[in-house]
Amino acid sequence: GASLPGCWMLFDGVGDDLVRRGKADKALDCYRRASNCANAPANDLGYKVISLELGMPSKRGKAIPHPLESLKDNPKSKWHFALFRLVLKALAEEGRFDEAEALAGNRKLVPQSYMTDSVVSDINGFRARREKREEEKRKKALIRRRDEPFVNVAKLRDSGKFHEALKACDAICAESCDKDFELRALRLSADICYGDLCDFHEAARRYESLVRDEGLPLGLTLPVRRLLLSFIVVGREREAQDLLDRLPKHDATRENPEYNDIIAGLAAGIGGVRPERLGVAARTMRAANILFEAGETPLALKLFKRVNVKNGAARGMENEAMMQEARCLGRMGQADKALSVYQRLMRRVGRSKLASDALMRMAVLYAGLLGDRVKAMSCYEQVESEYPNTPNAEQAMFYRLTMLMIAGEWEDAAKLRAKFLKICKNDLVRNAVDVAYGDMVKRRSLKPKGK
């Protein structure tokens, strides 16, 4: 087929398509086969072959001499300057800038000075980009070397070796001559004390060093927030209040939810027995409740799980910790796990106020997170039947009535309303039910017949 007139166009077209698809090796083979065909435009196809070879690092070194020979033989061919620039580009990408500049100055190959200036500009551009890439590589290598100790700390934390991770951070602080590097290690060590070891005395000391001694900007940043909570947990409420008073006005405002969380945690920590006078289990329970009120839910969950009989907790305290554990899971969106803990708690305590509370919270999870209205109603009905004449039973009936009215179940809502008004003694609640029921009746009257 190589002797057929025009067969080169077939190989050339296939080669062009392969180039567009990024298959340079196969395209190169097609162009070479096209060159062997009768009447093939040798210069045009040769240019394509050489340009592909120059663009392929594996073939570039061998390809560079060949176009130079072609340039000597055909200094005035129509593809002369384009090929010349490709050669210079290949030399520049190889880092052979001196050879490229010498070639650009060869007046026998490039007689026009404006072409030379353009080529030299290209070379300088390649040089600048190469230097920039090398500088970026040096910076990344430096960052990797600087980050290596912290990578080791992260590995220790991931494997649960928190004390070893803390020692590694302290070693970084002791050996570093870079202030920023040292601050980074100090911050990391404080985070380990706070979140991994739950050593709030040590966490407070380290965060205090960051905030006060190292001049960290005062605001509700994470270190300041954790310093405040560490103060509250260890019983240093006065220092926490002093720090709160020093916060910028835009942070210390009721509209700031993080500020309100800290106030809630402070309120939970004030009063009662001083933490240093409590046993381990009671002290853990107190810390967990403070963190829960302050919105530190994952850390609170970790502490609630530690409150058990094995760690010296009374059975009643362990039951309360289980209730709080389930609340944490619910707050974190883990409804199935929360329900499992509530059910386990109910089996432990039997019919009791705690079991009644657990049912009420289960109903909220079913209705809210899981969208299971039927199971939510079932929980409320169970509270009404098993715990009659209790505040929870009245509240369960109120919630069930509300759900019936929202769903438009008019007859069942009317019956339950009459029953609820007989047992409810709170005038505000009675009025609220009457208003909601009136709205329901109005909506029903406006509803088209047959609907």
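**Reading burial and aromatic pairs**

User: Is Phe-200 buried or exposed?

Analyst: Buried means under 20% relative accessible area, exposed over 50%, and partly exposed in between (1.4 Å probe, protein chains only). Phe-200 has a relative accessible area of 7%, so Phe-200 is buried. Tyr-194 also counts as buried, because its relative accessibility is 1%. This is a predicted model, where local features need pLDDT of at least 70 and side-chain atom pairs pLDDT 80 or more, while totals for chains, interfaces and linings use all residues. Residues are numbered from 1 along each chain as its sequence is written, and side-chain values use heavy atoms, without hydrogens and water.

User: How many aromatic pairs does the structure hold?

Analyst: Rings of Phe, Tyr and Trp (its six-membered ring) pair if their centres lie within 6.5 Å; planes under 30 degrees apart are stacked, over 60 edge-to-face, and the rest tilted. Here there are seven aromatic pairs. One of them joins Tyr-194 and Phe-200 edge-to-face, with 5.6 Å centre to centre and 85° between the planes. For Phe-398 and Phe-420 the ring centres are 6.0 Å apart and the planes at 45°, so that pair is tilted.

User: Which helices does the Phe-398 and Phe-420 pair link?

Analyst: Helices are DSSP runs (H or I, at least four residues), numbered from the N terminus. Phe-398 lies in helix 21 (residues 391-407) and Phe-420 in helix 22 (residues 410-423), 22 residues apart. Phe-398 counts as partly exposed because its relative accessibility is 26%, whereas Phe-420, at 0%, is buried.

User: Which residues form one aromatic cluster with Phe-398?

Analyst: Tyr-380, Tyr-399 and Phe-420 form one aromatic cluster with Phe-398.

Terms used. Helix = DSSP H or I, 4+ residues; strand = E, 2+ residues; numbered from the N terminus.
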